[in-house]
Amino acid sequence: MTTQDQSSQLHDRTPVIMSDVLSGGAIVRYLIWAFLTLLVVAVLRLGALAVHVHLNIWWFESLGLGNVYGRIWSTQEYLFLLYGILTFLFLSLIFFVTRALANRPGPSEAARAADRLTTIITGVLVALIALVAGHAMAGQWQSYLLAGHAQPFGVRDPIHHRDVGFYVFTMPWREMLAAFVASILVLGAIELAALATLYTRISPFQTERSDVRRIVAIGSLFAAVFFGYLAWRNFFLNPYDLDRPGTVFGGGASFVHASLWWYPIVGVVQLLSALVLLINVGLRRFGLAAVAAVPIIVSIVAGSGEGVFQKFVVAPNELSAEYKYLGYTIDFTRRAYGMDGWKAREYTPHALAPSDISHDAATIADARIADLGAFTQVMRQRQENRTYYTFNQADIDRYRLPGSLRQVLLAAREMAFFQLPDQAQTWVNQHVKFTHGYGLTMAPANTVTPDGQPVLWIQNIPVQETQPGLPPVVQPRIYFGEYTNSWVMVNATTPEFDSSQADQDTTYRYAGPDGVPVGSGLKRLSIAWALEGGIPFFDKLNISGYIRPDTRVLLHRTITDRVRAIAPWLELDPDPYLVLRKDGHLVWMLDGMTSSDHYPYSDPTFGDNYRRNSVKVVVDAYTGRATFYAFDPADPILRAWSSIFPGLLHPLSAMPSDLRAHIKYPDSYLTWQALAFRRYHVTDITSYYNGDNQWDIESSSSYNWDDGQTETGPLAPVWTTARLFGEQSDSFFSILPFSVRGKATMAGYLAANNNTYHVTALDMPRGAQTMGATQFESLYRQAPTISSTLTLLDQSGSQVVPGQLLILPVGKALLYIKPLYLRSTGEHSLPQLIRVVVGTQNAVNWGYTLDDALNNLETQGDISSSPVVASGQPGTTPSPTPLPVPSGSKFDKLSDARLIALADQYYAEAQSTPSLTQKDRDLKQVGTILRILQSRHPAK
């Protein structure tokens, strides 16, 4: 060996010294530019961030919830600083070590200038990346806090025998850390490759062998860190991934018998390779660096082995191989969705009998025939009263009146500033004058006027009530609602606009406790900047002369926005509903769900495989105060949040009784459960595997009042008061029927009791051929009497609109109820209920009211064109029962020719009149004349 070779080997083994890293003042230059980058970002963003943080602090403190925001903000700040600093240090270390190992500028000034520029650019980029990484991790504050406050579920997974809480609380944070580390490693690899390539290219001398070996050293160090990360995944992350899609949702046979064996083997190989590569940082040998290929090869072999096991062992005997794991999926899915507590009953519907109607008279009497969309449309035409008021989608609820529980439709009259004329949409009007909505409307769900319009129990401005037993509306003003989405100032120098009188405009001053004091000086400037942006000193709020010392600004006036600001960890049902309390105040009730996508072996729907309706939120429409009640204190996720934010959640026992009477089973929650129930109503493993008993949510036609289109789609849960399943008193139910997948026959039925939260699942026998929703709609549409009448109505500027279908268990039968509305096709339509179609097993009829339709169904029977088997005469179709002939009619003594002429006249007038009420009356006269003519000339 020559002296030069010996010298080269000694040089190769020389460790990197600090002067190599710090030479030329690189670290000073790097840190200066990184600091300048942070300073520029701070100047551009820190001011706005500071005023927003302070506004949040003032707002939370005004609600008495300063500790809630303090916990959120301090956690975000900690995560931002911790992971931002870690990112900066890691990427900076890669830069300095790579520079020390690869930078050889020699005497070249150009190379030294390029090094200085590279140092500046890298410092800027690393600082920016650190800010982004810190911000991203700060956004994961919920996962971080939940991991630190994990609660037991009391259920263990069948593979590792760990409590489910480990998967729900700990695993999401582990996965987040793994994603963070993987992202930083990828960025580090890009940085290392770019710097090594750049420094090699700008060197004026040919790279020496020792320089290449130095690059081998830094590559070995990086690869060691990378394989150490992969080994950590194989020991602490991959084996606990029990959310795998496939025949089994979770760990199936291949996972248990192949993957779980390979993970530790691959992990050990990766760990040993990382140790060898760490040693090679000092030795710098090409041969030892090649050990990086070993864990890659082993990983490929492991993946191939799992595929071979699946193809040749599991797939040929899939049912027997996966039988046990399929059982895990069924059991854990039903548990995670709350189905394990549902009561299942077999139910074989029969034809509706008079005894069924008399037995469930209370249920039928209060059956809903009013459509929410039609009611909302009528309210917008008849009850908005001013251009700046509007009604959002109406809600349905129940109220206890003397002697009965009645379901009602109600809607809030909210402020809609955007509906004012353009010239009136000024800053003062929006934020000072037009501040609140006023009152509500309420109508029974089962009653209409003779003209097919709602019977209003509560209406008008000032509020008028006509139904005894309802609480009087004491405070009708609505400062917080579904439409109120702008901030306003109260207690300004000028009073607010109010319309509490029918014949004149009035004024009002908010007397509630909500609001952040505007103050003066720096606080007022900060609030103005946070709310309006722009140049703070010239914001209208800052320079407005309408502000006085006690002026306050009301923020987060949209109720969902307000609740999300306080409890962003809650998933809210999208349909808040208004409640009139016994003391005459209006409040909004919202349903909050806790959720997870990490419940082991549970099949997800809409991304979640665990949900609980754990929180009921009450927001006062006047004061804005939000109160959170722990509705399901047994929920471990809710227990975790309760420990994170002590005092935020109140026990359900603290909820006033008049509010508890209006608790509802939220639509979105029942729909989420029902979508999974389509498959997981099956508990037999073989049937589940074969998929031979899957359901779909029943479909029905409905009218979209927003775009004017009739659509056919899955039913949404329908609320109704009923006395079901032998109960002794009426309850408020959410009901949802199912059909056999790919078929029209009904297969099952969910009924969620809003009073008790108990869910009953009815299972129709598979051979029963129970009439489904689409079959019922086809049956009534093909009935000659119905079809011809609808054809007459559905023309000349009018349109027949289907209402929401209701299917009720009545006695031993199912009762189908479908309201039909008539609306004009003009811009200002006033829908009216014109008919109610009813049906039972393979029979339909209709009438002007529900009672009329039921009476017709009982006396006339089925009026569809479907073949009906006559008693004792299979295959024959009896003649339809003749329609009753009116007695004492003004047409009785007229001749046939005169009657025909009058019928033609009435029909022409029905086609030409724009009035839907008059159109319906004219067509009724045509029907009366036709029945008289039919009685005079019976068919032979």
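Me: Is Phe606 buried or exposed?
Reply: Phe606 is exposed, because its relative accessible area is 62% and exposed means over 50%, buried under 20% and partly exposed in between (1.4 Å probe, protein chains only). Keep in mind that this is a predicted model, where local features need pLDDT of at least 70, side-chain atom pairs count only at pLDDT 80 or more, and totals for chains, interfaces and linings use all residues. Residues are numbered from 1 along each chain as its sequence is written, and side-chain values use heavy atoms, with hydrogens and water left out.

Me: Where does Phe606 sit, and what is its phi?
Reply: Phe606 is in the loop between strand 17 (586–596) and strand 18 (610–620). Its phi is positive, about 55 degrees, although Phe606 is not a glycine. Strands here are DSSP E runs of at least two residues, helices are H or I runs of at least four, and both are numbered from the N terminus.

Me: What about Asn842?
Reply: Asn842 is not a glycine either, and has a positive phi of about 60 degrees. You'll find Asn842 in the loop between strand 31 (832–840) and strand 32 (843–847).

Me: Which peptide bond is cis?
Reply: The one from Ile461 to Pro462, with omega near -5 degrees. Pro462 is in the loop between strand 7 (458–459) and strand 8 (464–465).

Me: Switching to the surface: which residues make the nonpolar patch?
Reply: Leu221, Val225, Phe235, Phe236, Val268, Leu271, Leu272, Leu275 and Leu278 make a patch of about 730 Å². Helix 8 (209–236) and helix 9 (253–283) are the elements giving two or more residues to it. Patch residues have over 30% relative accessible area and no salt bridge (a Lys or Arg side-chain nitrogen within 4 Å of an Asp or Glu carboxyl oxygen). Nonpolar side chains (Val, Leu, Ile, Met, Phe, Trp, Tyr) are joined within 5 Å, like charges within 9 Å. Areas come from the Shrake-Rupley method with a 1.4 Å probe; for residues, only the protein chains shown count as cover.

Me: Which helix gives the largest share?
Reply: Helix 9, with five residues. Val268 is in helix 9 and counts as partly exposed because its relative accessibility is 40%.

Me: And Val266, buried or exposed?
Reply: Val266, also placed in helix 9, counts as buried because its relative accessibility is 7%.

Me: What does Val266 touch?
Reply: Leaving out residues up to four places away in sequence, Val266 touches Asn234, Val298, Ser299 and Ala302, where contact means heavy atoms within 4.5 Å. Val266 and Asn234 are 32 residues apart along the chain, with their C-alpha atoms separated by 7.3 Å.
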